[in-house]
Amino acid sequence: MNKRIELIKGDITTLAVDAIVNAANNSLLGGGGVDGAIHAAAGTELIDECRNLNGCATGKAKITKGYRLKAKHIIHTVGPVWYGGYKDEPEMLASCYQSSLEIARDNKIKTLAFPGISTGVYGFPQDLAALIAVNETRRFLQKNKYPEKVTFVTFSDLHYETYRKLLEQ
Ligand code: ADP
């Protein structure tokens with residue numbers, strides 16, 4: 001396994017990293033799943049900052065402070081809803097990882113943690129999503145000094161095993 005990539009099973013809102021990535025929606029004003037958990041843990045100041053961002057396009061990302069989280073920053077990215085794979089969903093998901101990694105690099109974020117973007121309510125097949133996450137991250141880390149370390153955070157045993165196998169290769 002690449003020393004700059006780590007895999008854990010757990011709750012991303014508890015991590016003391018420079019930035020965690022949020023699987024947000026286009027409004028950036030909060031939602032369910034990991035987005036709801038991040039907003040609940042960060043506190044209401046987060047929504048105040050998010051209101052000034054004017055939303056975010058699918059496949060793009062925007063950064064805020066982490067407020068009450070242990071993480072210093074939150075990078076909000078908007079994953080694609082899975083419509084069967086015919087609407088550029090894989091390219092859009094790859095773009096989420098690229099945009100988030102670029103923002104991390106530009107802000108000199110050393111440690112960054114990703115949840116499985118789009119793999120919850122948005123219905124993206126988790127094995128394909130993990131492959132895209134690992135490929136885009138590896139490619140980016142080869143070319144860039146920041147982020148120094150990326151952690152993939154999974155919530156379920158199934159997702160954990162999928163990443164573990166990919167990272168072994
Ligand atoms: P999306 O709308 O992009 O599908 P979800 O929040 O519904 O986003 O789910 C994205 C992934 O995050 C799912 O795999 C879900 O199991 C996982 N997840 C939900 N809550 C947390 C959490 N607190 N920490 C880490 N992962 C989480």
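Let me start with a term: a residue is buried when its relative accessible area is under 20%, exposed when over 50%, and partly exposed in between, using a 1.4 Å probe and protein chains only. Asparagine 144, at 15% relative accessibility, therefore counts as buried.

A word on what we are looking at, everyone. This is a predicted model, where local features need pLDDT of at least 70 and side-chain atom pairs count only at pLDDT 80 or more, while totals for chains, interfaces and linings use all residues. Residues are numbered from 1 along each chain as its sequence is written, and side-chain values use heavy atoms, with hydrogens and water left out.

Back to our asparagine. Asparagine 144 sits in the loop that joins H4 to S6; helices (H or I, at least four residues) and strands (E, at least two) are DSSP runs, numbered from the N terminus. Its side chain reaches the backbone oxygen of phenylalanine 140 at 3.0 Å. Setting aside neighbours within four places in sequence, asparagine 144 is in contact with Arg4 and Arg105, contact being heavy atoms within 4.5 Å.

Now to helix H5, residues 157–168. H5 has 12 residues and reaches 16 Å from its first C-alpha to its last, close to the 16 Å expected at 1.5 Å a residue; the expected span is 1.5 Å times one less than the number of residues. Which residues of H5 are buried? They are His159, Thr162, Tyr163, Leu166 and Leu167. These cover an arc of only 125 degrees around the axis, which puts them on the same side of H5; the arc is that of the directions from the helix axis to the C-beta atoms. On the other side of H5, Asp157, Leu158 and Glu168 are exposed. What covers the buried residues includes strand S1 (5–9), helix H3 (89–106), helix H4 (126–143) and strand S6 (149–154).

Among the buried residues of H3 are Leu93, Cys96, Tyr97, Leu101 and Ala104. Just after H3, lysine 108 takes a positive phi of about 55 degrees.

Next, the cores. A nonpolar core is a set of buried Ala, Val, Leu, Ile, Met, Phe, Trp, Tyr and Cys residues joined through side-chain atoms within 4.5 Å. The largest has 30 residues, and those with the most contacts inside it are Ile75, Tyr97, Leu112, Phe114, Phe152 and Tyr163. S1, strand S2 (19–24), H3, strand S5 (111–114), H4, S6 and H5 each supply at least two residues of this core. Apart from this core lies another, of 13 residues, including Ile12, Leu46, Ile74 and Ala113.

Let's follow one residue from each. Not counting residues up to four places away in sequence, tyrosine 163 touches Leu7, Tyr97, Gly116, Ala130, Ala133, Val134, Phe152 and Thr154. Isoleucine 74 is found in strand S4, residues 73–78, and is buried at 0% relative accessibility. Beyond its neighbours within four places in sequence, isoleucine 74 has contacts that include Ile20, Ile38, Leu46, Ile63 and Leu69.

Last, the cysteines. How many disulfides does a search of the whole structure find? The count is 0, a disulfide being a pair of cysteine sulfur atoms within 2.5 Å. The sulfur of cysteine 50 is 10 Å from the closest cysteine sulfur, in cysteine 56, too far for a bond. Cysteine 96 is in no disulfide either, with the nearest cysteine sulfur, that of cysteine 56, 8.2 Å away.

Methods:
Polar contact = N/O pair within 3.5 Å; in protein donor to acceptor, adjacent residues only side chain to side chain.
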